[in-house]
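Q: Please give a close account of one chain in this structure, including its fold and its contact with a neighbouring chain.

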Amino acid sequence: MEMTPAISVRNLKFCYPDGKEALRGVSFEIADKECVGLVGPNGSGKSTLLLHLNGILPESFPGVPAVSIYGKDLSRTTAPDIRRAVGLLFQDPDDQLFCPTVFEDVAFGPQQFGLSEEEIRKTVSYALEQTSLTGSEHRSPHHLSSGEKRRVCLAGVLACEPQVLALDEPTSNLDPRGKRQLITTLQSIPATKLIATHDLEMVVQLCSRTILLDRGTIVADGPTHILLGDEQLMLAHGLEKPHILRHLHPH
Amino acid sequence: MRHDFLDRYSRLKSPVHRLHTAVKLATAICVIVAMVAVPFSSAWFFVVAAGLLLIVSALSAIPWSFIFKRLLLLEPLALGIAVMALFQPNGTMIFLSIVTKSTLCLFTVILLSNTTPFGELLGVLSRIGVPRILITILALMYRYLFVLIDEGERLARARMSRTFSANRVRRWQALASLIGQLFVRSTERAERIYAAMTARGWK
Amino acid sequence: MHIPDGFLDAKTAGATAAFSLVGLGLSLRHASRYLPARKIPLIGLAAAFVFVAQMLNFPVASGTSGHLLGATLAAVMLGPSAAIIVMSTVLIVQALLFADGGILSLGANVFNMAIVGPMAGYGSYRLMRVVFRGEYGRLVAVGVASWFSTVVAAIFCAGELAWSGTVPWNSAFPAMAGVHMATGLGEATITMLVIASIARARPELLNDSNPAASLRERSTGFVLVALLVIGLLLLVAPHASNLPDGLEKVASSLGFEHRALTNPNVSAPLEAYKLPGTASTSAATIVAGLIGAIAVLALSMVLARVLVPRNRAVPPQQREGTV
């Protein structure tokens, strides 16, 4: 039985205004509830790809839709709805934490979607619970640590109750404890996940499948321990085989 | 978090802090209006007002040194303008009047701003009809003030480790260049913030 | 020149507050209608930026330091109506959070530094650009415009103090205008240096291509200019009647000493404090201003030439500070 893929990307191409080609015909599908890692060297187009999943890019949509979320094609008219379904976590938490208090920031999404005050309060509490931030409602963003800011951003995204989570470098700038907390939290969230990251150890822990992107094209797409365990492949694309896999018996 | 100076005491627990923001704002405005309206000749009024302000200040748990330092920072400008007032008939009286009134008003605003989180002030302002777009801009400005100060400090430190002359011309160039960099980074960050706001449904 | 509470009387505070409400209101309405949504975070960040930029100390003489106001910088980078919103936001936060500038006098401060400042700066910038072209010309225009906007804002400030009866015009005008002709030099220099550095790092942020403003934008502009003119008439013009007298006195300053007409009811000890020939100091200030303007133009041209040498176009260097 064919299930509609959660994310379907078909021959996605993208050029920046200055002419630089960022994505050169990327195609892949991700099934419901799958957790996929997106790895690649700097400049490979990972962040750009994520920005295409909820319509922030491109600025003007081409005739042929290249992205579908649960069967719905992404276009100018469907973008607002798709933004509810796809939660995007940005690289720099300061860019995403733009309200004066934690509560207001987490409530931002639900407010934009028109929920009632009561519903907003419930959604916010639940999101804060999921990210272990209950009690921090009235704190100001600039009093938070790096890890806490990340968790507030995640809470803000979770409050929109997305079916797909797209995360851009979620563990960057986190100390080991922060990383552990984040990984545990992510494991407990049932949504479909696509995680763009340099943290290959996390990919091994969380993602059953990995996509390797380099210079705007998909170089490899397969089970994590095989793809990341291929030392030659990793080195050829500016990466390294993660330590966790070094002790495994090579295939 | 040295930029705490903007916000260090607005979240203390004291009877004054606990008062509703609208009450504090309205009271502060009434006090200021009264200060300006009441003629200086009714000296008793100002003595009573000063006394009340001191009591509120004591209740608010804000350190006296902090209040004193803030006042000291702001007085010179007031004095500078006030000095010009001396050169007119009845100048000394006018001088004393405006110095007293402005100092007491300063004290009032210092108390207000340090017992109220800015976000709540904005909440009250939006309820009394200040346009939504201005509230959004004020909120964004306040939020990113700290981020920009941090960024500015980092840029300054990086620059300082490459600057060897105390030459005043060089300093001006370095500072101007810093300002330029900060502006460019601000525009880039603004784009990313817009993307983040749009991603959660903002129109 | 943040005016604290207690310096302005009710009518002045009220009138300037009304002007500011109209001016800011118009700019906000203009922004919410014609500004694309993506520019709103930019305005918020620009306000934070101006605030931080104002905090930086530019060393002048031992102990003293100058600061940037930023009205013209904002107007040139973002356009006048956005600059009005940016500067107003900065002043509101300064007043509410810092007591830098009074609450009741916020209307006057906004009018001077957030409306008059950017408009005088932008207007004079565009005028100068007609004559001074290219990168070099842009810097010259920016320099003169920054100086001009600072001085004009100070004049309005003096007018408000005088209308309130706090400080007589004949003290306020020379003092405020005089001091700000000096600080305006700093503003001009800093603004020129900043624009030059942005032009080197990201020239595309400085686009001078301003297509003929749409009719709606023009009408907002007209009302704002009208506000300025009314303000001028209300606050400054009444004192112009002293001028013919003053000018005469400046011209005939050689020879016998002229005592300014004094109020016969004034108490004797204060006579000694009165500035001699006060009516003429206003005129002298104006003369100084004209000379100052020419001097600023010359200095701007020199600095601009240093920043943009004639024989080579400034090559787009590597972006400063990026990896």
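Predicted model: local features only at pLDDT ≥ 70, side-chain atom pairs only at ≥ 80, totals over all residues.

A: Two residues are said to be in contact if their C-beta atoms, placed from the backbone, lie within 7 Å. Among the contacts in chain A between residues at least 6 apart in sequence, 65% join residues at least 24 apart. The secondary structure of chain A consists of eleven helices and ten strands.

The overall dimensions come next. Along the principal axes, the C-alpha atoms of chain A fill a box of roughly 50 × 45 × 45 Å. A compact globule of 251 residues would have a radius of gyration near 18 Å, and the 18 Å of chain A therefore agrees with that value. Of the 251 residues of chain A, 46% count as buried.

Chain A also meets chain B, in a contact that takes 24 residues from chain A and 21 residues from chain B. On the side of chain B that touches chain A, the elements giving two or more residues are α6 (118-127), α7 (132-160) and α8 (168-199) of chain B. The largest share of that side, eight residues, is supplied by α8(B). By class, the side of chain B that touches chain A divides into 13 nonpolar, three polar and five charged residues.

The neighbour has a further contact, in which 64 residues of chain B meet 61 residues of chain C. Here α8(B) gives the largest share of the side of chain B that touches chain C, namely 20 residues. That side of chain B has 47 nonpolar, twelve polar and five charged residues.

Key. Residues numbered from 1 in each chain as written. Chains lettered and ligands numbered in written order. Helix = DSSP H or I, 4+ residues; strand = E, 2+ residues; numbered from the N terminus. Nonpolar A, V, L, I, M, F, W, Y, C, P; charged D, E, K, R; others polar. Rg over C-alpha atoms; globule rule 2.2 N^0.38 Å. Buried ≥ 20, exposed ≤ 12 C-beta atoms within 10 Å, placed from the backbone.
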